[in-house]
Amino acid sequence: MLPTTSVSSRSQGNGALSPRDAARHTAGAKRYKYLRRLFHFRQMDFEFALWQMLYLFTSPQRVYRNFHYRKQTKDQWARDDPAFLVLLSIWLCVSTVGFGFVLDMGFFETIKLLLWVVFIDCVGVGLLIATLMWFISNKYLVKQQNRDYDVEWGYAFDVHLNAFYPLLVILHFIQLFFINYVIISDSIVGYFVGNTLWLIAIGYYIYVTFLGYSALPFLKNTAILLYPFALLLLLYLISLACGWNFTKMLCSFYKYRVK
């Protein structure tokens, strides 16, 4: 049975949390607890994090269903266990090393590429997207009758990580098997295969992001988060018509950055 205990059981008789419980549920307290667990691997549930990574491909709705259970039991939407972030970091390092090997980079070039991918592509872009989505959702998507609720910034960052993981696997793992022999070539098949993988990866990112915000019951009009699909498809068709090879452009960019 999945846990369904409500945090209201710890509240005072008037329905408000006691001062002690309220202090435990502040953003600072949650952040401190999360960061503290980063240094205690035995307290992390890696098995559950692996389960989430699997279902982000097969059934992402089940992953966000678990966020509902966390809200019911721990009164927060965001993860309180950094195991997913740790596994994602490991996967990011391994896939980036593989990317450097396929692009025939040296040791120090691969290290530079790794630092770029981790701190710019994942963390830097993630902070920017999470902050932007946090602002937009709280400013424009919260229902009028539920102004007492807001989207946690940590949850917005979790949604980015959830959406980033499938994109990472598609572009930094599956694509590696086709880069040198298919995608990098100047043939029509090359940029068709490469751009199609980009279409799938970014499309999956948009879809998982939509699921993340549509899972919050106090948000409205979350379907607008699917609108970028139209722009993505249009850009994909234009790229095929013009012969743009996104993967080849990315490889050239990475090689330029690590020089």
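How far apart do the end C-alpha atoms of residues 225–247 lie? In this predicted model, in which local features need pLDDT of at least 70, side-chain atom pairs count only at pLDDT 80 or more, and totals for chains, interfaces and linings use all residues, they lie 25 Å apart, and the span is 74% helix and 0% strand. Residues are numbered from 1 along each chain as its sequence is written, and side-chain values use heavy atoms, with hydrogens and water left out. Helices are DSSP runs (H or I, at least four residues), numbered from the N terminus. Over residues 114–136 the chain is 100% helix and 0% strand, with its end C-alpha atoms 31 Å apart.

The structure holds 19 aromatic pairs, a pair being rings of Phe, Tyr or Trp (its six-membered ring) with centres within 6.5 Å, classed as stacked for planes under 30 degrees apart, edge-to-face over 60 and tilted for the rest. Phe57 and Tyr204 form a tilted pair, 6.0 Å centre to centre with 55° between the planes; this pair links helix α3 (residues 46–58) to helix α9 (residues 188–214) across 147 residues. Tyr204 counts as buried at 18% relative accessibility, where buried means under 20% relative accessible area, exposed over 50% and partly exposed in between (1.4 Å probe, protein chains only), whereas Phe57 is partly exposed at 30%. The rings of Tyr155 and Tyr213, with centres 6.5 Å apart and planes at 85°, are edge-to-face, and both residues are buried. Tyr155 lies in helix α7 (residues 153–174) and Tyr213 in helix α9, so the pair ties together parts 58 residues apart in sequence. Both tyrosines belong to one aromatic cluster, which also includes Tyr64, Phe67 and Trp77.

Technical notes. Helices (H or I, at least four residues) and strands (E, at least two) are DSSP runs, numbered from the N terminus.
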